Amino acid sequence: MVKRSTSIPFLYKFLIGLFVLISSFFISMVVGAADTSLKDAWNAIISNTVTDTVIMLNEIRLPRVIAAIFVGAALAVSGAIMQGVTRNPLADPGLLGLTAGANAALALTIALIPYANYFWITIVCFIGAAVGTILVLGIGSMRRGGFSPFRLVLAGAAVSAFLHAITEWIGLYFRISKDVSMWTAGGLIGTTWGQLQMIVPFIIISIVISIFLAKQLTILSLNEEVAIGLGQNIIRVKYMLFIIIILLAGTSVALVGNIAFVGLMIPHIVRGIVGTDYRFILPMSAVAGATFMLLADTLGRTINAPFETPVAAIVSILGLPFFLLIVRKGGNAFS
């Protein structure tokens with residue numbers, strides 16, 4: 001049975017989430033190594049006023065902030081979908097081989113096609129994420145009875161380690177370790193408007209399609225037999241959802257590199273707020289993931305300003321204890 005929190009209507013919760021996201025956006029625009037104000041941030045967004053500060057905000061900080069919003073939303077939604085499709089509370093694109101596969105494909109492209117443009121890098125990341133997914137699901141379901149949650153996690157850990165080793169070998173063999181690490185360290189520094197124009201449409205379209213499939217995902221997350229009894233073509237639904245996961249994970253890696261745990265933490269927290277109906281989980285996960293990544297990136301560039309603290313490190317510091325808590329509670333930390 002689908003659990004749903006009835007104390008506060010979902011619309012109000014969603015509006016509160018949007019308010020927190022907008023507040024975080026302006027905090028992120030104002031706070032940083034360079035002194036800025038709300039007026040400067042506002043001018044950078046809507047005004048034609050040209051000053052050194054506004055130019056810096058418009059060309060450096062604003063693309064980075066927008067990237068954090070969309071990457072956070074993409075990782076959170078992809079994690080929520082993975083947990084629903086696999087009925088695995090520990091599922092996360094960074095833990096189950098998707099981002100490792102995209103990283104390996106990215107390293108191979110840098111080595112063999114060093115002048116590949118951003119469009120082809122994005123496509124390659126999609127392919128790498130798909131390969132990582134196929135390997136994990138294939139290995140995880142080799143034994144009779146299909147894949148259990150913990151078997152899937154073990155397969156993900158093994159495949160991720162293998163793909164990370166390939167990435168390292170490519171970097172060393174072709175002497176491009178520095179170039180690869182700059183892509184895969186997990187950071188938003190240097191994000192450009194051109195990159196956003198390439199990535200953002202994929203993320204928006206994927207999230208919108210996933211919301212249209214939310215009802216089928218809710219039923220699928222509870223019981224496949226029930227889904228079949230209700231006339232669902234579960235194979236087609238699963239394929240569509242895995243394609244969405246691959247697109248979301250691939251675009252995230254193409255933009256910021258390997259960031260784990262966002263897709264693990266956010267859906268669990270959201271389920272504690274809105275229940276287990278994916279019609280509510282997916283949009284709220286997008287908002288919560290965007291807010292979380294925005295605040296994590298803001299912390300990363302201010303905690304030791306003017307030096308950068310990798311956002312991947314901050315997320316991992318928060319994510320690892322959360323992962324252990326979920327394992328200890330059997331996947332029901334917040335649900």
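Setting aside neighbours within four places in sequence, Asp40 touches Thr53, Val54 and Leu57. The model here is a predicted one. Asp40 sits in helix H2, which covers residues 38-46. What is the nearest side chain of opposite charge to Asp40, and how far away is it? That would be Lys39, at 7.0 Å. A salt bridge needs the nitrogen and the carboxyl oxygen within 4 Å, so Asp40 ends up buried and with no salt bridge.

## How H1 meets H2

Two packed helices are described by the angle between their axes and the distance between the axes. For helix H1 (residues 10-30) and H2, the angle is about 105 degrees and the axes are 9 Å apart. Angles of 65 to 115 degrees count as roughly perpendicular, so that is the label for H1 against H2.

On the H1 side, the contact is made by Phe25, Phe26, Met29 and Val30. H2 brings Leu38, Ala41, Trp42, Ala44 and Ile45. Sorted by class, the contact comes out as nine nonpolar residues, with no polar and no charged ones.

Now for the charged pairs. Side chains of opposite charge can pair when their charged atoms come close. How many salt bridges does the count come to? The count is four.

Arg64 takes part in a salt bridge with Asp297, where the closest N and O atoms are 3.0 Å apart. Arg64 belongs to helix H3 (residues 52-86) and Asp297 to helix H13 (residues 278-302), so this pair ties together parts that are 233 residues apart in sequence. Are these two residues buried or exposed? Arg64 is buried at 8% relative accessible area, and Asp297 is buried too, at 2%.

Arg64 also meets the side chain of Glu308 in a salt bridge, at 2.8 Å from N to O. Glu308 is in the loop between H13 and helix H14 (311-328) while Arg64 is in H3, so here the pair ties together parts 244 residues apart in sequence. Glu308 is partly exposed, with a relative accessible area of 39%.

## Positive phi in two loops

Which residues other than glycine have a positive phi? Arg87 is one of them, with phi near 50 degrees. Arg87 is in the loop between H3 and helix H4 (98-112), and its relative accessible area of 36% makes it partly exposed.

Arg175 is another, with phi near 55 degrees. Its place is the loop between H6 and helix H7 (177-184). Arg175 is exposed, with a relative accessible area of 78%.

## Tyr173 in H6

Tyr173 lies in helix H6, which runs over residues 149-173. With a relative accessibility of 57%, Tyr173 counts as exposed, since the cut-off for that class is over 50%. How far apart are Tyr173 and Ala111 in space, given that 62 residues separate them in sequence? From C-alpha to C-alpha, Tyr173 and Ala111 are 9.2 Å apart.

Methods. Residues are numbered from 1 along each chain as its sequence is written. This is a predicted model: local features need pLDDT of at least 70, side-chain atom pairs count only at pLDDT 80 or more; totals for chains, interfaces and linings use all residues. Side-chain values use heavy atoms; hydrogens and water are left out. Helices (H or I, at least four residues) and strands (E, at least two) are DSSP runs, numbered from the N terminus. Buried means under 20% relative accessible area, exposed over 50%, partly exposed in between (1.4 Å probe, protein chains only). Lys and Arg count as positive and Asp and Glu as negative; His and the chain ends are not counted. Contact means heavy atoms within 4.5 Å. Axes are lines fitted to C-alpha atoms, for helices over the stretch in contact, and angles run from 0 to 180 degrees between N-to-C directions. Angles under 35 degrees count as roughly parallel, over 145 as roughly antiparallel, 65 to 115 as roughly perpendicular and the rest as oblique. Ala, Val, Leu, Ile, Met, Phe, Trp, Tyr, Cys and Pro count as nonpolar, Asp, Glu, Lys and Arg as charged, and the others, Gly among them, as polar.
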